[in-house]
Amino acid sequence: MADLPTHTIVFEILTRLPAKDVGRSKSVCKQWYALLSTQDFVKIHCSRSVVSSNQRVLLIDDLTCSVRPIISNNNDYGPSSTVTFPFHHQNNDVSILSHLNGLLCVCLNHTYELLLWNPTTTAC
């Protein structure tokens, strides 16, 4: 068996990690930060997270927000994880306009403010 470059092994492992762990891994060293910030990494990581066992739904109800896994065999939701909004909002005030690679474009209806929100890291 040919020796695989360390970079390839690290890349293949990191693209299979959950997004929160990828975010934490950026602080390991400068090389990992650079690798995890590339468009190639983001594309491959997102394509690997689009398998049925990784699907999640974001539920927004008044002042609460939760993420639940989708159970594919019966189209039901699994147990939820509460997500804290990183911005001030009112009841029924949050509209999700679009999404891309796990990021959400959110509009706060009372102020018409647009925000880019990552519910996985809660960064806004």
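What pLDDT does the chain average, and what share of the residues score at least 70? The chain of this predicted model averages a pLDDT (the predictor's confidence in each residue, from 0 to 100) of 78, and 81% of the residues score at least 70. Residues are numbered from 1 along each chain as its sequence is written, and side-chain values use heavy atoms, without hydrogens and water. Local features need pLDDT of at least 70 and side-chain atom pairs count only at pLDDT 80 or more, while totals for chains, interfaces and linings use all residues.

**View 1. Confidence along the chain.** Confidence is highest in helix α3 (residues 30-36), at a mean of 90, and lowest in strand β3 (residues 76-77), at 64; helices (H or I, at least four residues) and strands (E, at least two) are DSSP runs, numbered from the N terminus. Where pLDDT is low, the predicted coordinates should not be read in detail.

**View 2. The open sheet β5-β6-β7.** Three strands form this open sheet with antiparallel pairing, where two strands pair if DSSP finds at least two bridges between them. Because β5 (94-100) and β7 (113-117) each have a single partner strand, they stand at the edges, with one side of each left without a neighbour in the sheet. Six bridges join β5 to the antiparallel strand β6 (residues 103-108), and serine 98 stands opposite cysteine 105 in β6.

**View 3. Cysteines without a disulfide.** The structure holds zero disulfides, a disulfide being a pair of cysteine sulfur atoms within 2.5 Å. For cysteine 107, the nearest cysteine sulfur, that of cysteine 105, is 7.9 Å away. Cysteine 107 counts as buried (under 20% relative accessible area, with exposed over 50% and partly exposed in between, 1.4 Å probe, protein chains only) at 10% relative accessibility, whereas cysteine 29, at 27%, counts as partly exposed.
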